[in-house]
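User: I want to go through how some labels in this structure are assigned. Please give the cut-off each time.

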Amino acid sequence: MEGSEHTHGPAHRHERGHERGQEQGGHRHGPGGRWSRTRRRAAHLFTPHAHGSADRTDRVLESSARGLRALWVSLAVLGATALAQLVVVAMSGSVALLGDTVHNLADALTAVPLGIAFLLGRRAATRRFTYGYGRAEDLAGVVIVAAIAASAALAAWTAIGRLTDPRDMEHIPAVAAAAVTGFVGNEWVARYRIRVGRRIGSAALVADGLHARTDGFTSLAVLLSAGGAALGWRLADPVVGLAITAAILLVLRDACREVFHRVMDAVDPGLVDTAEEALLGVEGVRGVGELRMRWIGHRLRAEVAVVVDGDLSVRRAHRIAVEAEHALLHAVPKLTAALVHADPAPAPGQADPHLALVHHRTAS
(Lines give C-alpha, C1' and ligand atoms only; values in the text may rest on other atoms or scores of the structure.)
Protein backbone atom coordinates (compact mmCIF):
# COMPACT_ATOMS: atom_id res chain seq x y z
CA MET A 1 0.00 0.00 0.00
CA GLU A 2 1.30 3.45 -0.80
CA GLY A 3 2.79 5.31 2.12
CA SER A 4 1.90 8.76 3.28
CA GLU A 5 3.53 11.56 5.17
CA HIS A 6 0.26 12.14 7.00
CA THR A 7 -0.11 9.90 10.01
CA HIS A 8 -3.65 8.63 9.56
CA GLY A 9 -3.66 5.44 11.55
CA PRO A 10 -0.93 3.74 13.60
CA ALA A 11 2.27 5.65 13.16
CA HIS A 12 5.54 6.28 14.85
CA ARG A 13 6.96 9.75 15.29
CA HIS A 14 10.09 8.79 17.16
CA GLU A 15 11.92 11.75 15.72
CA ARG A 16 9.51 14.16 17.39
CA GLY A 17 10.10 12.38 20.66
CA HIS A 18 13.84 12.87 20.29
CA GLU A 19 13.36 16.58 19.71
CA ARG A 20 11.12 16.87 22.76
CA GLY A 21 13.74 14.96 24.72
CA GLN A 22 16.36 17.53 23.82
CA GLU A 23 14.14 20.38 24.98
CA GLN A 24 12.83 18.72 28.13
CA GLY A 25 15.94 16.91 29.26
CA GLY A 26 15.04 13.31 28.47
CA HIS A 27 13.13 10.91 26.27
CA ARG A 28 9.60 10.37 27.59
CA HIS A 29 7.16 7.89 26.19
CA GLY A 30 4.80 7.88 29.12
CA PRO A 31 4.47 8.33 32.87
CA GLY A 32 6.91 6.84 35.28
CA GLY A 33 8.33 9.59 37.42
CA ARG A 34 11.76 9.77 38.96
CA TRP A 35 12.12 5.98 39.47
CA SER A 36 11.41 5.35 35.76
CA ARG A 37 14.00 7.92 34.71
CA THR A 38 16.52 6.40 37.12
CA ARG A 39 15.98 2.94 35.62
CA ARG A 40 16.43 4.32 32.11
CA ARG A 41 19.71 6.00 33.06
CA ALA A 42 20.97 2.80 34.67
CA ALA A 43 20.01 0.76 31.63
CA HIS A 44 21.75 3.30 29.39
CA LEU A 45 25.05 2.68 31.16
CA PHE A 46 25.00 -1.01 30.24
CA THR A 47 23.53 -0.70 26.73
CA PRO A 48 26.17 -0.98 23.96
CA HIS A 49 24.08 0.90 21.34
CA ALA A 50 22.14 4.04 22.25
CA HIS A 51 20.01 6.16 19.94
CA GLY A 52 18.56 8.68 22.38
CA SER A 53 18.44 12.38 21.68
CA ALA A 54 21.57 13.11 23.71
CA ASP A 55 23.51 10.40 21.88
CA ARG A 56 22.46 11.73 18.48
CA THR A 57 23.24 15.30 19.47
CA ASP A 58 26.71 14.23 20.60
CA ARG A 59 27.33 12.49 17.26
CA VAL A 60 26.21 15.55 15.31
CA LEU A 61 28.37 17.87 17.39
CA GLU A 62 31.30 15.49 17.05
CA SER A 63 31.01 15.44 13.26
CA SER A 64 30.75 19.24 13.15
CA ALA A 65 33.77 19.49 15.44
CA ARG A 66 35.74 17.23 13.08
CA GLY A 67 34.78 19.45 10.16
CA LEU A 68 35.81 22.61 12.01
CA ARG A 69 39.09 21.03 13.06
CA ALA A 70 39.80 20.06 9.45
CA LEU A 71 39.10 23.63 8.34
CA TRP A 72 41.32 25.30 10.91
CA VAL A 73 44.21 22.86 10.45
CA SER A 74 44.09 23.23 6.66
CA LEU A 75 43.80 27.01 7.04
CA ALA A 76 46.99 27.04 9.09
CA VAL A 77 48.84 24.85 6.58
CA LEU A 78 47.74 26.89 3.57
CA GLY A 79 48.50 30.14 5.38
CA ALA A 80 52.04 29.00 6.15
CA THR A 81 52.47 27.85 2.55
CA ALA A 82 51.30 31.19 1.17
CA LEU A 83 53.61 33.14 3.49
CA ALA A 84 56.59 31.06 2.36
CA GLN A 85 55.67 31.70 -1.26
CA LEU A 86 55.28 35.44 -0.64
CA VAL A 87 58.93 35.61 0.47
CA VAL A 88 60.02 34.05 -2.82
CA VAL A 89 57.71 36.35 -4.79
CA ALA A 90 59.40 39.36 -3.18
CA MET A 91 62.79 37.95 -4.16
CA SER A 92 62.03 36.81 -7.70
CA GLY A 93 59.20 39.03 -8.86
CA SER A 94 57.61 35.97 -10.48
CA VAL A 95 54.12 36.80 -11.70
CA ALA A 96 53.26 33.11 -12.01
CA LEU A 97 54.23 32.43 -8.41
CA LEU A 98 52.34 35.52 -7.29
CA GLY A 99 49.22 34.17 -8.96
CA ASP A 100 49.72 30.80 -7.27
CA THR A 101 50.18 32.52 -3.90
CA VAL A 102 46.98 34.52 -4.31
CA HIS A 103 45.29 31.29 -5.34
CA ASN A 104 46.40 29.58 -2.13
CA LEU A 105 45.23 32.51 -0.04
CA ALA A 106 41.83 32.39 -1.73
CA ASP A 107 41.59 28.66 -1.03
CA ALA A 108 42.45 29.24 2.61
CA LEU A 109 39.72 31.87 2.86
CA THR A 110 37.07 29.41 1.62
CA ALA A 111 37.32 27.92 5.10
CA VAL A 112 35.48 30.97 6.41
CA PRO A 113 32.02 30.35 4.85
CA LEU A 114 32.30 26.63 5.48
CA GLY A 115 33.31 27.22 9.09
CA ILE A 116 30.32 29.53 9.55
CA ALA A 117 28.10 26.83 8.03
CA PHE A 118 29.41 24.20 10.46
CA LEU A 119 28.77 26.54 13.40
CA LEU A 120 25.25 27.29 12.16
CA GLY A 121 24.60 23.58 11.69
CA ARG A 122 25.20 22.99 15.38
CA ARG A 123 22.31 25.26 16.36
CA ALA A 124 19.11 23.60 17.52
CA ALA A 125 16.04 23.52 15.32
CA THR A 126 13.43 26.22 15.86
CA ARG A 127 9.76 26.61 15.04
CA ARG A 128 10.77 28.51 11.89
CA PHE A 129 13.73 26.33 10.89
CA THR A 130 12.19 23.02 11.91
CA TYR A 131 14.92 20.97 10.21
CA GLY A 132 17.70 23.00 11.77
CA TYR A 133 20.42 24.93 9.94
CA GLY A 134 22.22 22.09 8.18
CA ARG A 135 21.38 23.53 4.74
CA ALA A 136 23.90 26.32 5.41
CA GLU A 137 26.58 23.74 4.71
CA ASP A 138 25.12 23.06 1.26
CA LEU A 139 25.02 26.80 0.54
CA ALA A 140 28.69 26.99 1.52
CA GLY A 141 29.33 24.26 -1.04
CA VAL A 142 27.82 26.52 -3.71
CA VAL A 143 30.19 29.32 -2.65
CA ILE A 144 33.14 26.93 -2.89
CA VAL A 145 32.11 25.83 -6.38
CA ALA A 146 31.99 29.51 -7.37
CA ALA A 147 35.50 29.93 -5.95
CA ILE A 148 36.77 27.00 -8.05
CA ALA A 149 35.19 28.57 -11.14
CA ALA A 150 36.86 31.89 -10.34
CA SER A 151 40.18 30.05 -9.93
CA ALA A 152 39.78 28.52 -13.39
CA ALA A 153 38.98 31.93 -14.88
CA LEU A 154 42.01 33.49 -13.17
CA ALA A 155 44.31 30.72 -14.39
CA ALA A 156 43.03 31.07 -17.95
CA TRP A 157 43.33 34.87 -17.88
CA THR A 158 46.90 34.72 -16.56
CA ALA A 159 47.94 32.10 -19.13
CA ILE A 160 46.48 34.07 -22.03
CA GLY A 161 48.20 37.22 -20.76
CA ARG A 162 51.53 35.41 -20.70
CA LEU A 163 51.00 34.18 -24.26
CA THR A 164 50.58 37.74 -25.50
CA ASP A 165 53.32 39.19 -23.30
CA PRO A 166 56.07 36.61 -22.51
CA ARG A 167 58.48 37.49 -19.68
CA ASP A 168 61.75 36.10 -18.40
CA MET A 169 61.79 34.45 -14.97
CA GLU A 170 64.42 35.25 -12.30
CA HIS A 171 65.61 33.16 -9.32
CA ILE A 172 64.32 30.02 -11.02
CA PRO A 173 65.54 27.55 -8.31
CA ALA A 174 63.74 29.51 -5.58
CA VAL A 175 60.58 29.67 -7.68
CA ALA A 176 60.74 25.90 -8.28
CA ALA A 177 61.18 25.24 -4.56
CA ALA A 178 58.23 27.49 -3.73
CA ALA A 179 56.13 25.69 -6.34
CA VAL A 180 56.94 22.33 -4.76
CA THR A 181 56.04 23.75 -1.35
CA GLY A 182 52.72 24.96 -2.72
CA PHE A 183 51.92 21.60 -4.28
CA VAL A 184 52.80 19.59 -1.17
CA GLY A 185 50.82 21.91 1.10
CA ASN A 186 47.74 21.92 -1.12
CA GLU A 187 47.77 18.18 -1.76
CA TRP A 188 48.06 17.44 1.97
CA VAL A 189 45.16 19.79 2.69
CA ALA A 190 43.13 18.29 -0.16
CA ARG A 191 43.55 14.73 1.11
CA TYR A 192 42.78 15.79 4.67
CA ARG A 193 39.63 17.72 3.77
CA ILE A 194 38.30 15.05 1.41
CA ARG A 195 38.94 12.27 3.94
CA VAL A 196 37.21 14.11 6.78
CA GLY A 197 34.41 15.33 4.49
CA ARG A 198 33.60 11.82 3.33
CA ARG A 199 33.83 10.48 6.87
CA ILE A 200 31.27 12.96 8.23
CA GLY A 201 29.22 13.10 5.01
CA SER A 202 29.96 16.76 4.15
CA ALA A 203 29.76 17.40 0.40
CA ALA A 204 30.88 21.00 0.96
CA LEU A 205 34.06 19.93 2.74
CA VAL A 206 34.79 17.42 -0.04
CA ALA A 207 34.31 20.18 -2.62
CA ASP A 208 36.66 22.39 -0.62
CA GLY A 209 39.23 19.60 -0.69
CA LEU A 210 38.87 19.36 -4.45
CA HIS A 211 39.43 23.11 -4.59
CA ALA A 212 42.69 22.70 -2.68
CA ARG A 213 43.72 20.04 -5.18
CA THR A 214 43.20 22.47 -8.06
CA ASP A 215 45.55 24.88 -6.31
CA GLY A 216 48.10 22.09 -6.11
CA PHE A 217 47.81 21.68 -9.87
CA THR A 218 48.45 25.41 -10.23
CA SER A 219 51.61 25.03 -8.16
CA LEU A 220 52.75 22.22 -10.47
CA ALA A 221 52.17 24.56 -13.39
CA VAL A 222 54.57 27.03 -11.79
CA LEU A 223 57.13 24.23 -11.36
CA LEU A 224 56.82 23.12 -14.97
CA SER A 225 57.01 26.66 -16.22
CA ALA A 226 60.14 27.19 -14.12
CA GLY A 227 61.64 24.12 -15.77
CA GLY A 228 60.75 25.47 -19.20
CA ALA A 229 62.22 28.86 -18.32
CA ALA A 230 65.45 27.16 -17.22
CA LEU A 231 65.63 25.56 -20.69
CA GLY A 232 65.07 28.93 -22.35
CA TRP A 233 61.45 28.39 -23.44
CA ARG A 234 59.62 31.61 -22.59
CA LEU A 235 56.20 30.22 -23.57
CA ALA A 236 56.42 27.30 -21.13
CA ASP A 237 54.55 29.21 -18.43
CA PRO A 238 51.42 30.16 -20.46
CA VAL A 239 51.19 26.80 -22.26
CA VAL A 240 51.30 24.85 -19.02
CA GLY A 241 48.91 27.35 -17.47
CA LEU A 242 46.30 26.59 -20.12
CA ALA A 243 46.72 22.85 -19.53
CA ILE A 244 46.21 23.36 -15.81
CA THR A 245 43.10 25.44 -16.53
CA ALA A 246 41.64 22.41 -18.32
CA ALA A 247 42.45 20.24 -15.28
CA ILE A 248 40.76 22.75 -12.97
CA LEU A 249 37.65 22.64 -15.16
CA LEU A 250 37.51 18.85 -14.76
CA VAL A 251 37.67 19.21 -10.98
CA LEU A 252 35.03 21.93 -11.19
CA ARG A 253 32.74 19.52 -13.03
CA ASP A 254 33.08 16.90 -10.28
CA ALA A 255 32.54 19.47 -7.52
CA CYS A 256 29.47 20.88 -9.30
CA ARG A 257 27.98 17.41 -9.65
CA GLU A 258 28.49 16.57 -5.98
CA VAL A 259 27.11 19.85 -4.66
CA PHE A 260 24.20 19.82 -7.15
CA HIS A 261 23.21 16.32 -6.07
CA ARG A 262 23.26 17.36 -2.43
CA VAL A 263 21.20 20.50 -3.00
CA MET A 264 18.67 18.47 -5.01
CA ASP A 265 18.29 15.91 -2.18
CA ALA A 266 19.97 13.12 -4.15
CA VAL A 267 21.23 10.08 -2.26
CA ASP A 268 23.18 7.02 -3.26
CA PRO A 269 20.64 4.42 -4.49
CA GLY A 270 22.64 1.85 -2.55
CA LEU A 271 21.54 3.57 0.68
CA VAL A 272 17.91 3.15 -0.35
CA ASP A 273 18.50 -0.54 -1.08
CA THR A 274 20.18 -0.96 2.31
CA ALA A 275 17.28 0.77 4.06
CA GLU A 276 14.66 -1.40 2.33
CA GLU A 277 16.56 -4.57 3.16
CA ALA A 278 16.83 -3.56 6.82
CA LEU A 279 13.11 -2.72 7.04
CA LEU A 280 12.01 -5.99 5.45
CA GLY A 281 14.10 -7.84 8.02
CA VAL A 282 12.03 -6.41 10.90
CA GLU A 283 9.48 -8.82 12.32
CA GLY A 284 5.97 -7.59 11.59
CA VAL A 285 6.89 -5.52 8.53
CA ARG A 286 5.02 -7.03 5.57
CA GLY A 287 6.21 -4.52 2.99
CA VAL A 288 7.87 -1.16 2.40
CA GLY A 289 5.87 1.60 0.76
CA GLU A 290 7.18 5.08 0.08
CA LEU A 291 10.79 5.59 1.19
CA ARG A 292 12.46 8.99 1.07
CA MET A 293 15.93 9.99 2.20
CA ARG A 294 17.70 13.32 2.11
CA TRP A 295 20.90 14.96 3.31
CA ILE A 296 20.70 18.09 5.43
CA GLY A 297 24.29 19.22 5.70
CA HIS A 298 26.20 16.11 6.70
CA ARG A 299 23.18 14.52 8.40
CA LEU A 300 20.91 11.98 6.72
CA ARG A 301 17.16 11.81 7.38
CA ALA A 302 14.58 9.26 6.25
CA GLU A 303 10.81 9.08 5.90
CA VAL A 304 9.24 5.70 5.24
CA ALA A 305 5.88 3.94 5.24
CA VAL A 306 5.90 0.28 6.28
CA VAL A 307 3.00 -2.12 5.77
CA VAL A 308 1.84 -4.01 8.87
CA ASP A 309 -1.05 -6.35 9.65
CA GLY A 310 -4.28 -4.35 9.67
CA ASP A 311 -5.61 -6.18 12.73
CA LEU A 312 -2.76 -5.06 15.01
CA SER A 313 -3.36 -2.77 17.95
CA VAL A 314 -1.97 0.73 17.89
CA ARG A 315 0.60 -0.23 20.53
CA ARG A 316 1.81 -3.22 18.52
CA ALA A 317 2.02 -1.18 15.31
CA HIS A 318 3.97 1.47 17.20
CA ARG A 319 6.36 -1.15 18.54
CA ILE A 320 7.03 -2.40 15.01
CA ALA A 321 7.66 1.17 13.86
CA VAL A 322 10.18 1.64 16.70
CA GLU A 323 11.95 -1.57 15.73
CA ALA A 324 11.95 -0.45 12.08
CA GLU A 325 13.58 2.87 12.97
CA HIS A 326 16.10 1.08 15.16
CA ALA A 327 17.01 -1.22 12.26
CA LEU A 328 17.46 1.79 9.97
CA LEU A 329 19.75 3.56 12.43
CA HIS A 330 22.02 0.52 12.55
CA ALA A 331 21.95 -0.26 8.83
CA VAL A 332 22.25 3.17 7.18
CA PRO A 333 25.48 5.11 7.82
CA LYS A 334 25.14 8.72 9.02
CA LEU A 335 21.37 8.40 9.50
CA THR A 336 20.40 10.58 12.46
CA ALA A 337 16.60 10.74 12.20
CA ALA A 338 13.79 8.67 10.72
CA LEU A 339 10.03 9.10 10.55
CA VAL A 340 8.29 5.72 10.26
CA HIS A 341 4.61 5.56 9.26
CA ALA A 342 2.71 2.29 9.74
CA ASP A 343 0.14 1.50 7.01
CA PRO A 344 -2.38 -1.32 7.57
CA ALA A 345 -2.28 -4.03 4.95
CA PRO A 346 -5.24 -3.80 2.54
CA ALA A 347 -8.22 -6.02 3.36
CA PRO A 348 -10.75 -7.33 0.82
CA GLY A 349 -13.71 -4.99 0.43
CA GLN A 350 -12.14 -2.14 2.37
CA ALA A 351 -11.36 1.19 0.69
CA ASP A 352 -7.86 2.59 0.68
CA PRO A 353 -7.71 5.05 3.63
CA HIS A 354 -5.40 7.28 1.59
CA LEU A 355 -7.98 8.01 -1.11
CA ALA A 356 -8.90 11.24 0.67
CA LEU A 357 -5.36 12.49 0.00
CA VAL A 358 -5.22 11.75 -3.72
CA HIS A 359 -6.53 15.14 -4.85
CA HIS A 360 -3.83 16.87 -2.74
CA ARG A 361 -1.07 14.95 -4.51
CA THR A 362 -2.40 15.54 -8.03
CA ALA A 363 -3.29 19.21 -7.55
CA SER A 364 -1.01 21.58 -9.49
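User: Where does D265 lie relative to helix 9 and helix 10?

Analyst: This is a predicted model, in which local features need pLDDT of at least 70 and side-chain atom pairs count only at pLDDT 80 or more, while totals for chains, interfaces and linings use all residues. Residues are numbered from 1 along each chain as its sequence is written, and side-chain values use heavy atoms, with hydrogens and water left out. D265 lies in the loop between helix 9 (236-263) and helix 10 (269-280). Helices here are DSSP runs of H or I with at least four residues, strands are runs of E with at least two, and both are numbered from the N terminus.

User: What is the phi of D265, and why is D265 called partly exposed?

Analyst: The phi of D265 is positive, about 65°, although D265 is not a glycine. Most residues other than glycine have a negative phi. Buried means under 20% relative accessible area and exposed over 50%, with partly exposed in between (1.4 Å probe, protein chains only). D265 has 26% relative accessibility, so it counts as partly exposed.

User: Which phi value does K334 have, and what makes K334 partly exposed?

Analyst: K334, also a residue other than glycine, has a positive phi near 65°. K334 is found in the loop between helix 11 (314-331) and strand 4 (335-344). Its relative accessible area is 31%, and K334 is therefore partly exposed.

User: How do you know that helix 5 and helix 6 are roughly antiparallel?

Analyst: The axes of helix 5 (residues 111-121) and helix 6 (residues 135-164) cross at roughly 175° and come within 8 Å. Axes are lines fitted to C-alpha atoms, for helices over the stretch in contact, and the angles run from 0 to 180 degrees between N-to-C directions. Under 35 degrees counts as roughly parallel, over 145 as roughly antiparallel, 65 to 115 as roughly perpendicular, and the rest as oblique. Helix 5 and helix 6 are therefore roughly antiparallel.

User: Which residues of helix 5 and helix 6 meet?

Analyst: From helix 5, P113, L114, A117, F118 and L120 meet A136, E137, A140, V143 and I144 of helix 6, where contact means heavy atoms within 4.5 Å. The residues of this contact divide into nine nonpolar, no polar and one charged. Nonpolar covers Ala, Val, Leu, Ile, Met, Phe, Trp, Tyr, Cys and Pro; charged covers Asp, Glu, Lys and Arg; the others, Gly among them, are polar.

User: What makes R191 and E187 a salt bridge?

Analyst: A salt bridge is a side-chain nitrogen of Lys or Arg within 4 Å of a carboxyl oxygen of Asp or Glu. The closest N and O atoms of R191 and E187 are 3.0 Å apart, and the two form a salt bridge. Both lie in helix 7 (residues 172-200), four residues apart, about one turn of the helix. R191 is exposed because its relative accessible area is 52%, whereas E187 counts as buried at 14%.

User: How many salt bridges does the whole structure have?

Analyst: A search of the whole structure finds eight. Among them, R292 and E290 meet at 3.1 Å, N to O. Salt bridges that share partners join R135, D138, D265 and R294 into one network.

User: Which residues have the most contacts inside the largest nonpolar core?

Analyst: They are L71, L114, F118, I148, L205, I248 and A255, in a core of 30 residues. A nonpolar core is a set of buried Ala, Val, Leu, Ile, Met, Phe, Trp, Tyr and Cys residues joined through side-chain atoms within 4.5 Å. A second, separate core of 24 residues includes A302, L328, A338 and V340.
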